[in-house]
Amino acid sequence: LYYNAPFIFNTDLNGNVLWNKVYNNDTLYNGINGSFASADGGLIVYGYSDNYNNNKFGSFILKTDANGNLLWSKYFGINQTETN
């Protein structure tokens, strides 16, 4: 496959995995830049997306509930052509 999908997980205080999920965002290459806990116990994860075959580049953000279920996700992108 030519893409990566964000993989996130949550642990308890002893490091035991409570849940883990993969969030597929079509066929773009996705990399996580960071995340933080939200007030409702969920997570907000943000990162970058790119597809060099189509010259599409951008960013994504997603929100989960406390169990890792995806509540919403957004992609913000641009089309760009490089010249030498």
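Biologist: Which residues make the nonpolar surface patch of about 400 Å²?

Modeller: Please note that the model is predicted. Strand 1 (7–11) and strand 2 (17–22) each supply at least two residues of the nonpolar patch. The patch, of about 400 Å², is made by Phe7, Phe9, Val17 and Val22.

Biologist: Does Phe9 count as buried, partly exposed or exposed, and what is its relative accessibility?

Modeller: Phe9 has its place in strand 1. Buried means under 20% relative accessible area and exposed means over 50%, with partly exposed in between. Because the relative accessibility of Phe9 lies between these limits, at 47%, Phe9 counts as partly exposed.

Biologist: Is Thr64 buried or exposed?

Modeller: Thr64 is found in strand 5, which covers residues 56–64. Its relative accessibility is 0%. Since buried means under 20%, Thr64 therefore counts as buried.

Biologist: Which residues is Thr64 in contact with, leaving aside its neighbours within four places in sequence?

Modeller: A contact requires heavy atoms within 4.5 Å. With the neighbours within four places in sequence left aside, the contacts of Thr64 are Ile8, Tyr23, Gly42, Leu43, Asn69, Leu70 and Leu71.

Biologist: What pattern does the chain follow along the sequence?

Modeller: The chain has zero helices and six strands. Read along the sequence, the pattern is β-β-β-β-β-β.

Technical notes. Residues are numbered from 1 along each chain as its sequence is written. This is a predicted model: local features need pLDDT of at least 70, side-chain atom pairs count only at pLDDT 80 or more; totals for chains, interfaces and linings use all residues. Side-chain values use heavy atoms; hydrogens and water are left out. Helices (H or I, at least four residues) and strands (E, at least two) are DSSP runs, numbered from the N terminus. Patches are made of residues with over 30% relative accessible area and no salt bridge: like charges are joined within 9 Å, nonpolar side chains (Val, Leu, Ile, Met, Phe, Trp, Tyr) within 5 Å. Accessible areas come from the Shrake-Rupley method with a 1.4 Å probe; for residues, only the protein chains shown count as cover. A salt bridge is a side-chain nitrogen of Lys or Arg within 4 Å of a carboxyl oxygen of Asp or Glu. Buried means under 20% relative accessible area, exposed over 50%, partly exposed in between (1.4 Å probe, protein chains only).
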